[in-house]
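The following paragraphs lead the reader through one protein model, from local details to the whole chain. Please keep the sequence and the structure in view while reading.

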Amino acid sequence: MTNHEVPASLPAGLPPYVGVLGGGRMGAGIAHAFLIKGANVLVVERDDVSAEAARERVESAAAKSIERGATDANLDELVSRLDVTVDYDDFKDRQLVVEAVPEDWDLKVTALRGIEERLTGDAFIASNTSSLSVNGLARELKRPENFLGLHFFNPVPASTLIEVVLGERTSPELAAAAKSWVEALGKTAVVVNDAPGFASSRLGVAIALEAMRMVEEGVASAGDIDAAMVLGYKHPTGPLKTTDIVGLDVRLGIAEYLHSTLGERFAPPQILRDKVARGELGRKTGKGFFDWPS
C-alpha cells in the first residue's frame, strides 16, 4: 500500500484516509465519491481478479467525472490517491472504512469483524447495508459506538442522497461526523434510527412490490406503470426500472427480510421469485422487467 499526501483541497470534515471493503458497483461508486473530493482511498477485494476489476470501475468513474467537470483534478492525480489490494491489514491506517459487500448477514458480520480487528480504537466503520439491522450488526462488534449505517444509492455518482442510519449504541460524535462527511461529498443526509428497511428501502420496496403485483395481475405493462410514476409523481425513474438497476436478486433479498420483520405486506410476488430463478436479474444480466442492451 502506498502512503499519499493529503490534498490541500480536501473539504473540511472529510477523513483523509478512507477504506472501502468490496469493489463491486456500489463499492466502486463509494470509493469514487470519496476519491474525487480529495480523500486517499483504499479498496480491498477478495482476490486479484476482483481487485483489478474494482480498480477499472473506480478509474472509469473518475474519468467520467473529469469529463463532466465534476472535479478539477486530472486523472493521474486521482489515480495516485487510489490503492486496491486483497489484504485486510492495509486498513490499519484508515480513519473510516465503509463495508460494501453483498446483503448477506453472515458475510456482513465476517467482513465487519475483519475490518474492526485491523483498525485503531478511534477509527469508524460504516455499513452500506440497505436493509439489515444496524443494531444487530453492531452487537457483533467490540466497539458498537464506532459503527453506523451509511446507505449510498445506486448509481452513487448521480445520487444526491445518503441515508445515515443510527444504531442504539452509535456515539453522538460519530452521528455528527457522518453528517459532515455526507455534506463534504456534496450529498444530502437523511438521518434515521435503525428499523427494518430504514426509510428509503422500506418505502421504495413497498412501491416496487405493488408495481410487480400490477404487472402480475395484468393491470398494465411495466413501461406504462413506470411512466405513471415518472410523469404523474415526478419520480426520476419508475419502480420497475429502478428494480432492474438495483438487481432483482437484491430486491428479493430485501423483500424477504422485510416480510420476516414487518409482515405480509412485504411478501415477494411470485413474478419476482420466478424472474430471479430464471436468472433475469435486471441490468446486470441484460433482462429483468425490461431488456437491457449489452
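Phe 198 is found in the loop between strand S8 (188-193) and helix H7 (200-216); helices (H or I, at least four residues) and strands (E, at least two) are DSSP runs, numbered from the N terminus. The structure is a predicted model, in which local features need pLDDT of at least 70 and side-chain atom pairs count only at pLDDT 80 or more, while totals for chains, interfaces and linings use all residues. Residues are numbered from 1 along each chain as its sequence is written, and side-chain values use heavy atoms, with hydrogens and water left out.

The backbone of Phe 198 has a phi near 55°, a positive value in a residue other than glycine. Is Phe 198 buried or exposed? Phe 198 counts as buried because its relative accessible area is 6%; buried means under 20% relative accessible area, exposed over 50%, and partly exposed in between (1.4 Å probe, protein chains only).

The 17 residues of H7 should span 24 Å at 1.5 Å a residue, and its end C-alpha atoms are 24 Å apart, which agrees; the expected span of a helix is 1.5 Å times one less than its number of residues. The buried residues of H7 are Ser 201, Val 205, Ala 208, Leu 209, Ala 211, Met 212 and Arg 213. What do the buried residues of H7 pack against? Their partners are S6, H8, H9, helix H10 (248-262) and helix H11 (270-277), where contact means heavy atoms within 4.5 Å. Just after H7, Gly 218 adopts a positive phi of about 75°.

Lys 234 also has a positive phi, near 65°, and is a residue other than glycine. The loop that holds Lys 234 runs between helix H8 (222-233) and helix H9 (239-246). Lys 234 is classed as exposed because its relative accessible area is 68%.

Helix H10, one of the partners of H7, contains His 259. With a relative accessible area of 26%, His 259 is partly exposed. Leaving aside residues up to four places away in sequence, His 259 touches Glu 264, Phe 266, Ala 267 and Pro 268. His 259 and Pro 196 are 63 residues apart along the chain, and their C-alpha atoms are separated by 9.7 Å.

Another helix to examine is H4 (residues 105-118), which has 14 residues. From its first C-alpha to its last, H4 reaches 21 Å, close to the 20 Å expected at 1.5 Å a residue. Which residues of H4 are buried? They are Lys 108, Val 109, Ala 111, Leu 112, Gly 114, Ile 115 and Glu 116. The cover over these buried residues includes strand S1 (17-21), strand S4 (96-99), strand S5 (124-127), helix H5 (134-138) and strand S6 (147-152). Asp 106 is also part of helix H4, and its relative accessibility of 56% is why Asp 106 counts as exposed. The C-alpha atoms of Asp 106 and Leu 137, 31 residues apart along the chain, lie 9.8 Å from each other.

The loop between S6 and strand S7 (161-166) holds Pro 155. Asn 154 and Pro 155 are joined by a cis peptide bond, with omega about 0°.

Helix H2 (residues 48-68) includes Ala 53. Ala 53 is partly exposed, at a relative accessible area of 26%. Its C-alpha atom is separated by 7.8 Å from that of Gly 23, 30 residues apart from Ala 53 along the chain.

The view can now widen to the whole chain. The secondary structure of the protein chain consists of eleven helices and eight strands. Of its 294 residues, 51% count as buried. Residues 24 or more positions apart make up 68% of the contacts with a separation of 6 or more. The C-alpha atoms fill a box of roughly 60 × 45 × 35 Å along the principal axes. Side chains of the protein chain include 31 positive and 42 negative ones, and the centres of the two sets lie 3 Å apart; Lys and Arg count as positive and Asp and Glu as negative, with His and the chain ends not counted, and the place of a charge is taken as NZ of Lys, CZ of Arg, CG of Asp or CD of Glu.
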